[in-house]
Amino acid sequence: MKPLKTRTSPQLLFAALLLAGSALAQAQNIKPGLWEIKMNPQLSPERQAAMAQAQQQLAQMPAEQRKMMEEMMAKAGVNANLATGAMTLKVCITAEQAALNQLPVSSQGNCKHQLERKGAQILNRFSCSEPELSGEGTTTLSSPEAYSSSMSTVSRAGGKTETMSVQSQGRWLSGDCGGIAPMKTSK
């Protein structure tokens with residue numbers, strides 16, 4: 001069976017989706033523990049076609065291989081709908097991260113953030129070099145246990161530029177992260 005392929009790097013999509021929740025831990029008094037982040041990207045027609053192809057390839061995998069992939073993603077706290085690009089992540093924020101108001105992000109990439117707090121809103125501008133990605137977003141905190149976010153990104157890969165917008169919602173689930181390892185924090 002051939003590996004899943006897309007026309008642009010899946011790391012770009014994953015990085016963009018992780019950044020959708022980028023201001024989560026910048027809020028004061030957020031709760032440490034297990035957070036669920038639901039992200040709904042608006043995909044380009046090219047990305048939609050690539051996701052449909054990946055979904056088809058996944059469906060054609062032997063049941064045992066597909067189950068192994070799904071279990072591996074679940075262990076990492078990832079649940080993805082390849083048809084729509086929607087993704088649900090479970091992210092562990094340690095007490096130390098919550099106290100320092102540091103951002104849990106993927107360890108991939110070299111990103112710089114500019115954050116500005118205006119009441120319950122956090123404005124975030126970012127640029128990353130690995131993968132090449134930039135954008136801005138606004139996160140609105142409704143409580144120490146919930147937020148909503150809107151973000152737009154521009155990525156460059158293989159000589160192509162792609163724009164994407166992502167709407168996300170975050171909610172605190174539990175003080176216990178279970179088997180989800182804490183993500184590394186931004187520098």
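## The Cys92–Cys177 link

Cys92 and Cys177 are joined by a disulfide, with 2.1 Å from S to S. Keep in mind that this is a predicted model. The torsion about the S-S bond of Cys92 and Cys177 comes out at about 85°, so this disulfide is right-handed. The bond bridges distant parts of the chain: Cys92 sits in strand β3 (residues 87-93), while Cys177 is in the segment after β8 (160-174), and the two are 85 residues apart.

What about exposure: are Cys92 and Cys177 buried or exposed? Both Cys92 and Cys177 are buried.

## The Cys111–Cys128 link

A search of the whole structure turns up two disulfides. Besides the Cys92 to Cys177 bond, there is one between Cys111 and Cys128, whose sulfur atoms are 2.1 Å apart. The link of Cys111 and Cys128 has 105° about the S-S bond and is right-handed. Cys111 belongs to strand β4 (residues 111-118) and Cys128 to strand β5 (residues 121-129), so this pair ties together parts that are 17 residues apart in sequence.

Cys128 is buried, with a relative accessible area of 7%.

## How the cysteines pair up

Which pairing do you get if you number the bonded cysteines of the chain in sequence order? The answer is 1-4, 2-3.

Now for the strands. Eight of them make up an open sheet, in the order β2-β3-β1-β8-β7-β6-β5-β4, with antiparallel pairing. At the edges are β2 (78-80) and β4, each of which pairs on one side only. On average, neighbouring strands of this sheet are turned by 20° against each other, direction ignored.

## A look at β6 and β7

How many bridges join strand β6 to strand β7? There are eleven, linking β6 (residues 132-143) with β7 (residues 146-157), and the two strands run antiparallel.

Methods
Residues are numbered from 1 along each chain as its sequence is written. This is a predicted model: local features need pLDDT of at least 70, side-chain atom pairs count only at pLDDT 80 or more; totals for chains, interfaces and linings use all residues. Side-chain values use heavy atoms; hydrogens and water are left out. A disulfide is a pair of cysteine sulfur atoms within 2.5 Å. Helices (H or I, at least four residues) and strands (E, at least two) are DSSP runs, numbered from the N terminus. Buried means under 20% relative accessible area, exposed over 50%, partly exposed in between (1.4 Å probe, protein chains only). Two strands pair if DSSP finds at least two bridges between them. Axes are lines fitted to C-alpha atoms, for helices over the stretch in contact, and angles run from 0 to 180 degrees between N-to-C directions.
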